Amino acid sequence: MTKPLEDFTWQEIELGGILREPGSARDYKVGDWKSQHPVWTKSHCIRCGVCWTVCPEGAIIEEEGGYFDVNLDYCKGCGICARECVIGCISMVTEEE
Amino acid sequence: MAKRVGIEVSLAVSHAVQLARAEAIAAYPITPQTHIVEHLSSLVANGDLEAEFINVESEHSAISACIGTSAAGARTYTATSSQGLALMHEILFIASAMRFPIVMTVANRALSGPLSIWNDHSDIMAARDIGWIQVFVQNGQEAFDHSIMAFKIAEHRRVLLPMIVNLDGFILSHVVEALEFADQDTVDRFLPPYSPWHQLDPKKPVTMGAFGMPEVFAEFKMKHQVTLMNSYDQIMKVWQEWGQLTGRAYHPVEHYKTDGAKILLLTMGCLSEVAEIAVDELRAAGQPVGLLKLRLWRPFPFAALREAVYGAELVIVCDRALSVGGAGGPVLSEVRSVLYPVVPHPKVLGYVIGLGGRDVPPEAFKEIFFQAQAEAEQEPSEEFYMYGVRG
Amino acid sequence: MLEIRFHGRGGQGAVTSVELLALAAIEEGKFAQGFPSFGPERRGAPVLAFLRIDDHHIRLRCKIAQPDVVTILDPSLIRIQKPTADLKTNGIVILNTNKSLAEARQEYGFKHTLALVDANHIAREVLGVLIVNTTMLGALIRATGVVKVDSLEHPLRERFGAMAAKNFAALKAAYEKTVVEEARP
């Protein structure tokens, strides 16, 4: 985002309201307010990718070797990944103050 | 001059769209627009028009598909009528806000209920504020001409707005009459291929139809408003250019025998020529009457109308739609409000005529003229008048 | 301007008749309007079709209230639609019937100029089907001279393709066999 929305004049509005910069929502880091975050026990992980599929924020990233981790900038701590993990290798850890 | 040919006006519109080399058509059949898209679909099926014809399950889908094809960069056409236009309603605003230069023919027909398939302007008047350019035509020749010109206007880089050509259902759309076609060479020279302002491309993803947050929504609307008003200049240029090519010039407010007229009838669509006959007869009887034909409805031709009424004492607006519970017809409301700042402004009286396919012969305009003349001499007895209603 | 109204039944081709005649007139360099009585017509129900022909651009957009000519495709419509009620005094009635002029005048009370042809008979013989719309055009042209017979050939070919020749033959046969009698005030 080049400048705050409230600074745009009508002349500066993009034609048709089109957003030409893909992924602009990345600017909004929504992970600040989580009270817990997922932690993987890699030795148990079977790399099935269910956690990646179910994450509503797209915050889970695939790492080298096919294991998964989370981008804490965007994880809201909902715990769906831990709940859905087929072998239970994800645990939710409370945030420290 | 090209030879006149006889053709049903609907088919003449299809032919215009063919000559304009529309690349994508998505439409759903609805009386009295059906012949237009039926014919286009056969042109596409027979290989006479290289276009994608998308059969859809409703008008809501038709206009949505048009947004898709226009976003993909195709010259896009559709046509509808009445309930079909109503079903498109929410998407019509989106098409114009997203600046897709779709061209649409509306074969004007009453909105139900009671169920009516016949002609009036209630369909388009309910879609008055959709942010499209809108014109009305009065005969088959104009329907043909404007169907081609619409693409050039809509697609211009400084316009990029969708455009509606309104033609009266049945009493115009279904009449076999004489008109002159333009040939393909002429149209190709007049209307170059569409070079889209944006084409969907998986390699360069963009977001279309995103939120307009409260911080920018009004700015967005302001831009739409200014662009639509500014499209006026381009409309004039295109009409002029077509006039030079064909000898048929068009104006936002057409004048008929207005010189020295103290009383002006104002009409839209194909009843305008019927009103001409009444004006001829009234003039012959010594009445100081003239006719204004409002061709351009959006953007509203403020200056042209104010100039046109100069010197008139009474303007009689003939609406073909009723704003139930409101100030008469939508055209009356707008004309009154546009003329109010003119000093001194003429009296403006409104008549609602020809609803739901009611026949309007020239005599109707003569009766309206005499009634309005009498009403204007005193305090008008009504806010507006429903002409020819029994009881 | 000449204003002609066709009286027929849904499916008889009255609308096709006015369209063909409009096209023929336009080919001759005239102006014309051909249009149906708009509505949800059902097969067999009485319908109207309208035709205007003029040397100038036509500005009217309403039905024909006082025709110069009425063409009646089916005599059973006379009692239902009263086609001559609003016909101009110097107007012409064109009727498909096997009656003689005297019989037709007596039975239907026609006072206008009257043109008769047994279009049913011609259509059966020439076309092999009882569809009289193109046949009746022959009678209309004979009684009014509004277009040349040959001007119909091209519109018929465009509309009917391989069937055009038979339709044109039926039209010409009707043109030959139509009898016309001046008005009887």
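These legends describe close-up views of a predicted model. Residues are numbered from 1 along each chain as its sequence is written, while chains are lettered from A and ligands numbered from 1 in the order in which they are written. Local features need pLDDT of at least 70, side-chain atom pairs count only at pLDDT 80 or more, and totals for chains, interfaces and linings use all residues; side-chain values use heavy atoms, with hydrogens and water left out.

**View 1. The interface of chain A and chain B.** Chain A supplies 14 residues to the contact and chain B supplies 19 residues; contact means heavy atoms within 4.5 Å. Of the side of chain A that touches chain B, eight residues are nonpolar, four polar and two charged. Here Ala, Val, Leu, Ile, Met, Phe, Trp, Tyr, Cys and Pro count as nonpolar, Asp, Glu, Lys and Arg as charged, and the others, Gly among them, as polar.

View 2. The buried area is about 1600 Å², and carbon and sulfur atoms give 74% of it. Buried area is the accessible area (1.4 Å probe) that two parts lose on being put together, summed over both. In chain A, the residues that lose the most area to chain B are A:Trp10, A:Ile13 and A:Leu15, together 39% of what that side buries. Two residue pairs are in polar contact, both at pLDDT 80 or more. A polar contact is a pair of N or O atoms within 3.5 Å; within protein, one must be able to donate a hydrogen and the other to accept it, and residues adjacent in sequence count only if both atoms are side-chain atoms.

**View 3. Helix α3 of chain B.** Helices (H or I, at least four residues) and strands (E, at least two) are DSSP runs, numbered from the N terminus. Of the 13 residues of α3(B), 10 are buried, that is, under 20% relative accessible area (1.4 Å probe, protein chains only). Among them are B:Ile63, B:Cys66 and B:Ile67. The cover over the buried residues includes β2 (24–27), β3 (52–55), β4 (76–80) and α4 (82–97) of chain B. At the N-terminal end, B:Ser58 caps α3(B), with a side-chain oxygen 3.2 Å from the backbone nitrogen of B:His60. Just after the helix, B:Gly73 has a positive phi of about 105°.

**View 4. The surroundings of C:Thr178.** C:Thr178 sits in the loop between α7 (164–177) and β7 (179–181) of chain C. Its relative accessible area is 3%, so C:Thr178 is buried. A polar atom of its side chain lies 2.5 Å from the backbone oxygen of C:Ala174. Not counting residues up to four places away in sequence, C:Thr178 touches C:Ala115, C:Leu116, C:Val117, C:Ala139 and C:Arg142.

Key
Buried means under 20% relative accessible area, exposed over 50%, partly exposed in between (1.4 Å probe, protein chains only).
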